[in-house]
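Please read the following briefing with the sequence and the structure side by side, and look up each residue as it is named.

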Amino acid sequence: MPNTDDEGARPCKRQRLNSDVEPSGAGQTDPSSGSSTADVARGEPELSERLRKVMLCTVCLELPHPDDSYQCTLGHIVCEDCVTRLLAEAVLNSRDAQCPHCRTHISWQELTKNLAVGQTLWELPKSCSDCEQQMEYKSLAKHLKTECSKRLVHCQYRCLGCTWQGCQEDSIQHEANCNYLQLSSDEILTALDTIDQLEQMAVHSLRQCHRQLSAKRISYEDLDLRWPLHTCRLDAEVRFQAPTIYVFEETWRVRIRLVVTGPGNERQLSYSLKILSSPREILSVKYFATLPAVYVRPKQLMDVEPELNEAYYNLAGQSSDFKLLPMSCPLATYRLLAMPCMKLRLWMMLN
Ligand SMILES: [Zn+2]
Ligand SMILES: [Zn+2]
Ligand SMILES: [Zn+2]
Ligand SMILES: [Zn+2]
């Protein structure tokens, strides 16, 4: 499937679609496309516009990304984000997920990708959401990254401390007059020192994980999270049940809650580690969670941020504080809930 801006690809189709975008070119359209000259004469929408309407996600009514469009067993198109939300909401409400259009049952196993739909989406014109310029979908990523005059950019003297950011088209004027061009050599040295400190902070978490590799003992368990054990509507909290695990000759249980946080009422998972057995000595345990690659979709691999927790245990029944499972974005929580079988990999280090 094309996902690059390959100028040489499909010259005939490109010519045809370009003609669709610009009505002035309609007269040159390939008659076999069944579009343009006749359509324009009849005052009907052009072929690409008609195709576009057919390809919209039936939930959010947006054009899905060509690689992320799915269809129910009856062929209704739903984008990946909407599928994720439908499946997660169904789980949380203990009901089956349905195609919102025809009410047939949907699940990751039943949803399919339609190759023809994906390829058509790559070819359809799509407007840039920032500058509204119209282009083929396959050119959009490059346009947003390097060409769009409305894309958000930082001042090129950001490394010296300038915090200006704005439209690319405004950056030229700003940079010509940027105050940071007037810095003295001492001020530049201070700015470089700050960059150095920020880099040190960035490698800190990596070093922390690296240090844990020399822990006395390391273990990991793939936890099978069962569907909500208990829903408390008052505090809008859902608790998941994880199985008992045996690690470092002790018995443990991970407790997981789904909590509603923030002004946007975003859902987030929080978890704590409880020891069920009586430890023979004080245990200093560090732990963090990741998603096991064998069970999750490639897109999910970086959904959980690496964040180390620490707890001490000397009595049976002790539990660490609940800590939010650090997710990369709100949708990442839904992606986890929408998994056919929710799995979390828990790493534990004994020091
Ligand atoms: Zn959608
Ligand atoms: Zn359907
Ligand atoms: Zn643009
Ligand atoms: Zn500047």
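UniProt positions are given here in the numbering used for this structure, feature names are shortened, and annotations may be inferred rather than shown by experiment. With that caution in mind, the unreviewed UniProt entry lists residues 124-163 as "domain: TRAF-type".

**The annotated span**

- In the predicted model, the C-alpha atoms at the ends of residues 124-163 are 38 Å apart, and the span is made up of 28% helix and 22% strand.

**The sheet and its edges**

- Four strands form an open sheet with antiparallel pairing, and their order across the sheet is β7-β15-β12-β13.
- Strand β7, which covers residues 217-224, and strand β13 each have a single partner strand, so one side of each is left without a neighbour in the sheet, and these two strands stand at the edges.
- On average, neighbouring strands of this sheet are turned by 25 degrees against each other, if direction is ignored.
- As a general point, side chains in a regular strand alternate between the two faces of the sheet.

**How the strands pair**

- Strands β7 and β15 run antiparallel and are joined by 8 bridges, and within this pairing D222 stands opposite R345 of β15.
- Strand β12 (residues 283-290) pairs with strand β15 (residues 343-350) in the antiparallel sense over 6 bridges, with A289 standing opposite L346 in β15.
- Strand β12 is also joined to strand β13 (residues 309-313) by 5 bridges, and these two strands run antiparallel as well; here L283 has Y313 of β13 as its bridge partner.

**A loop residue beside the sheet strands in sequence**

- Where does A293 lie? A293 is found in the loop between β12 and β13.
- Is A293 buried or exposed? A residue is called exposed if 12 or fewer other C-beta atoms lie within 10 Å of its own, and A293 counts as exposed because it has 11 C-beta neighbours inside 10 Å.
- Although A293 and R345 are 52 residues apart in sequence, their C-alpha atoms are 9.5 Å apart in space, and R345 is the residue of β15 that D222 stands opposite.

Terms used
Residues are numbered from 1 along each chain as its sequence is written. Chains are lettered from A and ligands numbered from 1 in the order in which they are written. This is a predicted model: local features need pLDDT of at least 70, side-chain atom pairs count only at pLDDT 80 or more; totals for chains, interfaces and linings use all residues. Two strands pair if DSSP finds at least two bridges between them. Axes are lines fitted to C-alpha atoms, for helices over the stretch in contact, and angles run from 0 to 180 degrees between N-to-C directions. A residue is buried if 20 or more other C-beta atoms lie within 10 Å of its own, exposed if 12 or fewer, and partly exposed in between; C-beta atoms are placed from the backbone.
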